[in-house]
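Me: I want to go through this structure and ask what each label rests on. Please set the values against the definitions as you reply.

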Amino acid sequence: MLSLRGIHKRFGPTHALRGVDLELWPGRALALIGENGAGKSTLVKVLTGVHPPDSGELLLDGRPLRLHDTHAAQAAGIVAVHQETVMFEALTAAENIFIGRQPMRGPAGLQVVDWAAMNRLAQAALDEVGAGFDAATPVRQLSLAQRHLVEIARALSQRARVVILDEPTAALSQAEIRDFYGLVRGLLDRGVAVLFVSHKFDELFAVCDSYVVLRDGASVGAGRMQDTSEPELLRLMAGRSIEQVYPHIDTQPGATVLEVRDLSHPTEFDGISFALRRGEILGFYGLVGAGRSEVMLGLMGLKPLARGSILVDGQERRIRDAADAIALGLAYVPEERQRQGGILDFSVRHNLSLAALAGPRHAVAGRFSRGPWLSALRESAFAQGLIDRLKIRTASQDTPLSGLSGGNQQKAIIGKWLGLAPRVVILDEPTKGIDVGAKQAVYQLVAELVAQGLAVILVSSELHEVMHLAHRVVVMRQGRQVAEFQRGEADAEALVAAASGLALQGGRAA
């Protein structure tokens, strides 16, 4: 249906695409695989009319296709669903689905929006994806997962011939992901060509027929999914094996830094108890909705607690808000890095210094100030030290955070807390939506933190992540702590069984 032949794209000295070829067939799903910086985003933008190629050609049904802008791509039937939802929060789901193409009624020159038709058509699209909410619901009332379903419904409502799915399941629960697989198969059954961009190999093997691997802007491998394996794809995209991704962490945990006893929230979680030691990584695993993030928000004073005790260095402390938690040496890197972790329009320098400027006075005394004034020179030196230490890839300190790759954004967001010299760092889904190479950089940073004696709480839905990095893993289900495993004590099936409430029968999950 759609072919790309010899596509090249340059941005100044950067050669983003180097003669890329790929083919999309009706009723088939093609996996587009590669690390951040490999050229995937640029290729998607070429397909959606954002960037015209410098050379090469696009063919639709064998005929040359020129995409001057995004409207031309949509007119050709090419639609993209992106990882980061961009919506008008004050408008309803129906208005977001039909934004810019609302059904109209009335005579020419006096037409008005046909609200009834728009809501009816939008509801049909939402029902098709199993959204379970009314099309008239304002988007600001929807969860992140529900907003993704609106995005998917918008693509389906356009009856697209080519659908590009760019990390579409990043915010979906396990049940929603299974439903999403059904949606993809429904698209394929209707003859739609699907380009699936994901860092999750299990998703690619579940829904894709074939693959193309990009590295440094060029195609380095292609074939059928059934003829390859995860280690082989990883080797192609990253040039290294999976054993090299996770650093060796052999630190011996020291004295207890943080102890939690019977921490409970009226509706989110109940009876959470654990201890955390210096130089230790404590993993929290569970399915989406298990209450892991809510426990961390409670620890940071961002959710009111019903009962429970928090002890720091053996002394009970009262945490009423985030300022109390920060003053006690707790740092929190949230799951939604672009919404909650950093300020995208601020420079890298200002993001790195932000927590230290707002933190306890002892953390910044004499560091950034000249008398009562901020010293730009000292702030710059502080930021450069973190950029060098964390190996943040940025053109300059003044580059907006939005101009960095996902992995480098995450390193900057983690780095801003290091200026406070925290004792406990809570990492909530720290590698969500970033590629293998960026993950490896984050893992190495975590290893360095614990080697320096920091205590780390790692909240993750990635089995390999918690199994390879954590000294101990706490498993949660439906707001309760249901199991705890020492490193090497349980395999992936045991963790999944505990998280989902399944029993193990004959060594396998029932």
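Reply: Start with Gln478, in the loop between strand S23 (472-477) and strand S24 (480-486). Helices (H or I, at least four residues) and strands (E, at least two) are DSSP runs, numbered from the N terminus. This is a predicted model, in which local features need pLDDT of at least 70 and side-chain atom pairs count only at pLDDT 80 or more, while totals for chains, interfaces and linings use all residues. Residues are numbered from 1 along each chain as its sequence is written, and side-chain values use heavy atoms, leaving out hydrogens and water.

Me: Is Gln478 buried or exposed, and what makes it so?

Reply: Buried means under 20% relative accessible area, exposed over 50%, and partly exposed in between (1.4 Å probe, protein chains only). Gln478 has a relative accessible area of 71%, so it is exposed. Its phi is near 50°, a positive value in a residue other than glycine.

Me: Where else is there a positive phi in a residue other than glycine?

Reply: Asp262 has one, near 55°. This residue is in strand S13 (residues 256-264).

Me: What makes S11 and S12 a pair, and in which sense do they run?

Reply: Two strands pair if DSSP finds at least two bridges between them. Strand S11 (residues 210-215) and strand S12 (residues 218-224) have six, in the antiparallel sense. Val212 stands opposite Ala222 in S12. The two strands form a hairpin with two residues between them, and Asp216 in the turn has a positive phi of about 55°.

Me: Why is strand S21 called largely enclosed?

Reply: Five of the five residues of S21 (residues 424-428) are buried, so the strand is largely enclosed by the rest of the structure. Val424, Ile426 and Asp428 cover one side, and Val425 and Leu427, on the other, are buried as well. S21 runs parallel to strand S18 (residues 330-333), with four bridges joining them; here Ala331 stands opposite Val425. Strand S22 (residues 455-460) also pairs with S21 in the parallel sense, over five bridges, and Leu427 stands opposite Leu458 there.

Me: How do you know that the buried residues of helix H14 line one face?

Reply: The buried residues of H14 are Glu379, Phe382, Ala383, Leu386, Ile387 and Leu390. Seen down the helix axis, they fall within an arc of 135°, so they line one face; the arc is that of the directions from the helix axis to the C-beta atoms. The face turned away carries the exposed residues Leu377, Ala381 and Asp388.

Me: What span does H14 have, and what is expected?

Reply: The expected span is 1.5 Å times one less than the number of residues. H14 (residues 376-390) has 15 residues and reaches 21 Å from its first C-alpha to its last, close to the 21 Å expected. Just after H14, Lys391 takes a positive phi of about 55°.

Me: What makes Arg292 and Glu429 a salt bridge?

Reply: A salt bridge is a side-chain nitrogen of Lys or Arg within 4 Å of a carboxyl oxygen of Asp or Glu. For Arg292 and Glu429 the closest N and O atoms are 3.5 Å apart, and the pair forms a salt bridge. Arg292 lies in helix H9 (residues 292-299) and Glu429 in the loop between S21 and helix H16 (436-451), so the pair ties together parts that are 137 residues apart in sequence. Both Arg292 and Glu429 are buried.

Me: How many salt bridges does this rule give?

Reply: The count comes to 20. One of the pairs is Arg472 and Glu484, with the closest N and O atoms 2.8 Å apart. Arg472 is in strand S23 and Glu484 in strand S24, 12 residues apart. Arg472 is buried at a relative accessible area of 9%, whereas Glu484, at 36%, counts as partly exposed. Salt bridges that share partners also join Asp262, Asp270, Arg307 and Arg480 into one network.

Me: How is Asp227 classed, and which residue does its side chain meet in a salt bridge?

Reply: Asp227 has a relative accessible area of 53%, so it is exposed. Its partner is Arg224, at 2.8 Å from N to O. Arg224 has 46% relative accessibility and so counts as partly exposed.
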